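Biologist: Hello! I am new to this structure and would like to learn how to read it. Could you show it to me and take me through some of its features?

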Amino acid sequence: STLLTQQGLPASPVYTWAHVAASQQASRVRADAALTAAVYQRTGCLPHASYPAYRLRYLRDNGLDLSPYEINGYADFLFSELTGQRGTSLNMASGTGLLNIQTLDWDEKTLADLGLSRTQVPPIRPSLTTAPLLNLSAMRLGLPSGIPVSLPFADGFMNQLGAGAREHGQLTISVGTSCAIRTLTNQPLTDDHSRGLWCYYGIDRWLIGAATTGGTSSLDWFRDTLAPQHSLPELDQMAQVRLQTCLSDAGDHDRAIASPLPVFLPFQNGERSPGWRERPATGFFGVQASHTLGDLYQAALEGVLYNVYQCYERLVQVVPVQSINLSGGILYSPHWRQMAADLFQRDLLVPESEQASLLGGAVLGQMILGVSPAADEMAFRQQLVIKPDPSRASYYQHNYQRYLEAYTNSALAKDAQTIL
């Protein structure tokens, strides 16, 4: 997120990652392959309107003089409000497009291009730094004054900690409002921007992964737009019935070709990984008169997972996979989480706590207090292992190829469109 302040007071709205007004600023950089590669190698971030670096370009290009303002994330602002001190973590800074991922300091070239000075961005402090809670903040929160407040960290990295995925090759997949797939690595991997991955920093190592925009937000869009009279569990049941028919048809080649599901591209809020397009074509492709609500919802569930699987295929080119942890809203749907295991054809580990990012905050607190072994023991407890069904692998791979064909064709379209 991005928040401009003056003398510690908010001077702008909070711009979240979903604010894509800077699409022209980002697309101009993406149009230059050499420039894109250079930016990616320095910052670990591909040019995209969701990053503050491009949002600031947009504000500047639209006449705003940035020089009087301090540049913060919303979490940075909260840390300042709670403690009276400015500061951020490398983890938060690495997701802005303003950090040099090689030197682990603010990127001088990017700051200069934006006309910013180092005094305008928060000082980067050691990751386990704390500051005491102010008296006034303590009174407002009903907490004791002086208790330590940690630096802000991104929820994705907290998910990694909460899932106990602390080693290279231990992947976490979050399927919530949006989706992400990530793992820790011992060095920044920014050699090939065409993979569509990002490279951030955690506490003592780098993170490499991908984030997609369509998760449960795509399902909410589906229900609100096409099925407001139904709950998501009801739609789940319809989709499950339809999947059984699809799996039966898969054994009959002629029937499978005659009545395929539509293909769903989950880009209602734009695309991040792997294509990084702010306004791509989105929605259903190949809808027939015979398709039912259950058909469409099953296609939507599959489309969200295929987008994540796209990123997975690119990530495994650079990282050997040891294990995969699954978390997020997908866990509330036994049907959807089994689909994920059947698509990936791997065991999916479900942490004991469904709120992996919240648990990660507790792990971080224990690390700050110097009791990380107990935190690791807490994080690694697993409640469930979701086993893949090998008999379903060919069905999902067939439909995934159809998804890739629709994705490629949509990328050739000049204008964004939503297709129902």
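Modeller: Gladly! Let us begin with strand pairing: two strands pair if DSSP finds at least two bridges between them. Strands (E, at least two residues) and helices (H or I, at least four) are DSSP runs, numbered from the N terminus. This is a predicted model, in which local features need pLDDT of at least 70 and side-chain atom pairs count only at pLDDT 80 or more, while totals for chains, interfaces and linings use all residues. Residues are numbered from 1 along each chain as its sequence is written, and side-chain values use heavy atoms, with hydrogens and water left out.

Biologist: In what order do the strands of the open sheet of three strands lie?

Modeller: The order is β2-β1-β3, and the pairing is antiparallel. At the edges are β2 (9-10) and β3 (70-72), each of which pairs on one side only. Three bridges join β1 (residues 3-6) to β3 in the antiparallel sense. As an example, leucine 3 has asparagine 72 in β3 as its bridge partner.

Biologist: Now for charges. How many salt bridges does the structure hold?

Modeller: First the general idea: side chains of opposite charge can pair when their charged atoms come close. A salt bridge is a side-chain nitrogen of Lys or Arg within 4 Å of a carboxyl oxygen of Asp or Glu. The structure holds 17 of them. Some link up: Arg28, Arg60 and Asp61 form a network of salt bridges.

Biologist: Which side chain meets that of lysine 109 in a salt bridge?

Modeller: That of aspartate 113, at 3.6 Å from N to O.

Biologist: Which residue forms a salt bridge with glutamate 167?

Modeller: Arginine 205 does, with the closest N and O atoms 4.0 Å apart. Glutamate 167 lies in the loop between α8 (155-162) and β8 (170-175), and arginine 205 in the loop between β10 (198-201) and β11 (206-212), so the pair ties together parts that are 38 residues apart in sequence.

Biologist: Is arginine 205 buried or exposed?

Modeller: Buried means under 20% relative accessible area, exposed over 50%, and partly exposed in between (1.4 Å probe, protein chains only). Arginine 205 has 16% relative accessibility, so it counts as buried. Glutamate 167, at 43%, is partly exposed.

Biologist: What about arginine 223 and aspartate 224?

Modeller: They form a salt bridge too, their closest N and O atoms being 3.8 Å apart. Arginine 223 is partly exposed at 25% relative accessibility, whereas aspartate 224 is exposed at 53%.
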